[in-house]
Amino acid sequence: MPRDAGRTGLYVCGPTVYGAPHVGHGRFALVYDVLRRYLEFCGLRVDHVSNVTDIDDKIIDRAASEGRSWRDVAAEAEAEWWAAMDQMGLARPTATPHATEYIAEMVEFVGELRARGSAYETGDGVYFDTSSVADYGFLKHQSIESLRAGARVEVDDQKRSPVDFALWKRSKPGEPSWEAPFGAGRPGWHTECVVMSLALLGENFDLHGGGEDLIFPHHENERAQAEARGKRFAHRWMHNGLVRVDGEKMSKSLGNFRTMADLLERSDPRAYRLLVLGSHYRQAVEVNERTLEDATTALGRIDSLARRFADAPPDAEAGDAGEERRQFREAMDNDLDTPRALGGLFSAMRRANAFWDAGDLRAGGTLARTVLDLFAALGVEAAGGRQEVDERVLDLVRRRDEARAARDFAAADRLRAEIEQSGWVVEDTSGGTRVYR
Ligand SMILES: [Zn+2]
């Protein structure tokens with residue numbers, strides 16, 4: 001149940017803008033785009049907040065190594081991000097707060113944690129005291145002791161515990177910094193997300209999402225600092241699985257790093273969406289030549305269904321293919337089971353095509369329209385609906401139908417070849433010759 005009737009507050013951890021978005025970013029963005037579309041399809045209004053981390057060590061490091069300003073690096077990488085997301089057909093989040101726009105609120109938030117005794121100062125910043133929350137490790141289902149044992153300890157660490165984390169980092173000379181009562185510096189990443197999600201969605205908002213690699217420490221650390229104030233943070237959490245490229249967990253060091261720009265250059269953006277939807281969001285997605293090709297083939301079938309039935313007459317009596325809709329919603333309501341939802345749609349598609357082959361354009365058309373409508377609800381808009389056929393081809397079609405009516409099959413075959421040479425696909429239906437591209 002949403003906190004506010006009729007609407008859902010969704011916060012998704014967005015990009016740290018320091019480089020080109022890769023296929024893993026594309027996946028998480030698609031998962032939450034589909035979730036949002038589905039909630040809207042069900043009639044909910046979605047407040048979809050996704051942040052842009054525009055100040056971070058990685059941005060500062062890249063700026064330093066390239067001799068540029070950090071703002072320049074962040075602005076360029078953010079532009080690349082939205083270009084890829086737009087190309088993928090993602091609905092932009094309803095709000096995209098930038099970390100640097102909320103520094104005053106972050107300073108206030110860190111001050112509140114200090115006042116409550118949940119934070120302490122060291123030589124290089126302000127740290128969160130993880131022992132101040134009773135259930136630290138909740139999201140990871142691990143005790144604080146085992147997390148502590150697994151944490152990496154830096155040599156010059158001044159933290160009291162290896163799992164404590166920076167709320168505020170004092171700036172070194174030459175680094176970007178903002179004034180604060182506890183020393184000029186910049187916020188820690190975990191603090192950014194807490195402050196921006198609470199500012200835009202309020203306490204105890206409905207759903208917090210992100211990739212499963214963010215469960216620990218990022219999300220745990222967001223939750224810990226928010227709840228250290230004695231308030232509920234996100235009501236539910238949702239984590240998507242990662243992407244494996246050619247069988248390996250994707251990472252820069254493996255050399256199989258693929259940018260979204262690479263992928264979008266090679267394939268239809270809708271094919272990647274279908275590929276992602278073919279796995280449950282919690283599972284890993286395998287991206288390679290074969291899975292991309294399979295998705296492209298599946299996409300071709302959707303488009304050709306749309307072309308086939310573009311002119312099919314609506315059938316008032318056959319209704320709205322309610323059973324297909326019911327099954328679709330049942331699958332999606334079951335923890336967003338997109339593989340099952342797709343399975344149902346492809347099976348309905350086969351039935352629509354069987355109606356076509358049997359010459360039943362009305363029943364086929366009703367089913368096809370429903371299927372295409374439900375694909376669109378997932379963000380897969382079929383291309384190639386009604387197509388303008390030029391007069392010359394229409395004339396060939398008329399002559400072919402006359403030849404067939406006169407049982408002059410040699411002439412009909414000649415005319416078919418002539419139409420096909422013009423780049424059209426020819427199909428025989430009970431209503432005569434149909435052409436589409
Ligand atoms: Zn976050």
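Two residues are in contact if their C-beta atoms, placed from the backbone, lie within 7 Å. By that criterion, 73% of the contacts in the protein with a separation of 6 or more join residues 24 or more positions apart.

The model is predicted: local features need pLDDT of at least 70, side-chain atom pairs count only at pLDDT 80 or more, and totals for chains, interfaces and linings use all residues. Residues are numbered from 1 along each chain as its sequence is written.

Begin with the whole protein. Its C-alpha atoms fill a box of roughly 95 × 50 × 35 Å along the principal axes. Of its 437 residues, 42% count as buried (20 or more other C-beta atoms within 10 Å of the residue's own, with C-beta atoms placed from the backbone). Colouring by secondary structure shows 15 helices and 13 strands, which are DSSP runs (H or I, at least four residues, for helices; E, at least two, for strands) numbered from the N terminus.

Next, select the open sheet of 4 strands, ordered S2-S1-S7-S8 with parallel pairing; strands pair if DSSP finds at least two bridges between them. Its edges are S2 (45-50) and S8 (236-240), each of which pairs on one side only. Neighbouring strands here are turned by 20 degrees against each other on average, direction ignored, with axes fitted to C-alpha atoms.

Now select residues 7-12 and 207-211. These are S1 and S7, paired in the parallel sense over 3 bridges. Within this pair, Val12 stands opposite Gly209 in S7.

Finally, select residues 23-41. This is helix H1, which lies across S1, S2, S7 and S8 and runs at about 160 degrees to S2; such angles run from 0 to 180 degrees between N-to-C directions, and helix axes are fitted over the stretch in contact.

Technical notes: Buried ≥ 20, exposed ≤ 12 C-beta atoms within 10 Å, placed from the backbone.
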